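Subject: Structure handover

Hello,

Here is the structure for you to work with.

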Amino acid sequence: MRETAMAIKGMELESARKYLNKVLEKKDVIPLRRFGGSAGRSRLCKLHGHFGPGRYPEKSVKHLLDILTNAESNAEVKSLDTENLYVTHIQVNQAQKGRRRTYRAHGRINAYMSNPCHVEVVLSEKEENVKKPEDEGKLVRKTKKQLAQERLKNGASA
């Protein structure tokens, strides 16, 4: 889930959705940057500036698509422009493990744990860039050394 989340961080909402759908169709790949130990190298990772392992994690992609849909509907309720949204922050944390047991040969019992996670997503509207007005009477700060050099140029004695 972490790798999938990091792949869409900073993307616009619509492009993130398209990307995740392409991963479901196996037309694009999620690059495994941290947890890709035994995965083989994928040529599609070149599209993302990564020359290493990549996979198509269907389960985490489906969950993230649901979360993005939910976040978009929350933005609509808050009267934000959904065309202008992008993923500002996305974070995946470990949750408490679910404990079950599996029964083994000779009367033994082993742990059978699930590894759930908490996903935190923040969508923000893109802000339009506004140029800073140019002030002609700008105050220029100078160091003591620069002031002393100016005095010497103007004919003052050292």
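**Basis**

This is a predicted model: local features need pLDDT of at least 70, side-chain atom pairs count only at pLDDT 80 or more, and totals for chains, interfaces and linings use all residues. Residues are numbered from 1 along each chain as its sequence is written, and side-chain values use heavy atoms, with hydrogens and water left out.

Helices (H or I, at least four residues) and strands (E, at least two) are DSSP runs, numbered from the N terminus. Buried means under 20% relative accessible area, exposed means over 50%, and partly exposed is in between (1.4 Å probe, protein chains only).

**Core**

A nonpolar core here is a set of buried Ala, Val, Leu, Ile, Met, Phe, Trp, Tyr and Cys residues joined through side-chain atoms within 4.5 Å. The largest one has 19 residues. Ile8, Tyr19, Leu20, Leu64, Leu68, Ile90 and Leu123 touch the most other members. At least two core residues come from each of helix H1 (2-8), helix H2 (13-24), helix H3 (58-77) and strand S3 (85-94). H3 gives the largest share, with six residues.

Take Leu64 as an example. Contact means heavy atoms within 4.5 Å. Setting aside neighbours within four places in sequence, Leu64 contacts Met1, Thr4, Ala5, Ile8, Leu20, Ile90 and Val119.

**Salt bridges**

The criterion is a side-chain nitrogen of Lys or Arg within 4 Å of a carboxyl oxygen of Asp or Glu. The structure holds five such salt bridges. Three of them are set out here.

- Arg17 and Glu14: the closest N and O atoms are 3.7 Å apart. The two residues are three apart in helix H2, so about one helical turn separates them. Glu14 is partly exposed, at 42% relative accessible area. Arg17 is buried, at 15% relative accessibility.
- Arg17 and Glu72: the closest N and O atoms are 2.7 Å apart. Arg17 lies in H2 and Glu72 in H3, so this pair ties together parts that are 55 residues apart in sequence. Both Arg17 and Glu72 are buried.
- Glu58 and Lys26: the closest N and O atoms are 3.0 Å apart. Glu58 lies in H3 and Lys26 in the loop between H2 and strand S1 (30-31), so this pair ties together parts that are 32 residues apart in sequence. Glu58 is partly exposed, with a relative accessible area of 35%. Lys26 is also partly exposed, at 43% relative accessibility.

Shared partners join Glu14, Arg17 and Glu72 into one salt-bridge network.

Thr82 also touches Glu72. Its contacts, not counting residues up to four places away in sequence, are Leu13, Glu72 and Glu76. Thr82 is in the loop between H3 and S3. Thr82 counts as buried, because its relative accessibility is 18%.

**Hairpin**

Two strands pair if DSSP finds at least two bridges between them. Strand S4 (residues 98-103) and strand S5 (residues 109-114) run antiparallel and are joined by six bridges. Tyr103 has Ile109 in S5 as its bridge partner. Arg99 stands opposite Met113 in S5. Of the six residues of S4, the number buried is zero, so S4 lies largely in the open.

Five residues sit between the two strands of this hairpin, and His106 there takes a positive phi near 60 degrees. Arg108 is in the loop between S4 and S5. Arg108 is partly exposed, at 45% relative accessibility. Arg108 touches Thr102 and Tyr103, again not counting residues up to four places away in sequence. How far apart in space are Arg108 and Gln91? They are 38 Å apart, C-alpha to C-alpha, and 17 residues apart in sequence.

**Rings**

A charge sits over a ring if NZ of Lys or CZ of Arg is within 6 Å of the ring centre and within 35 degrees of the ring normal. Lys126 lies over the face of Tyr86, at 4.2 Å from the ring centre.

Best regards
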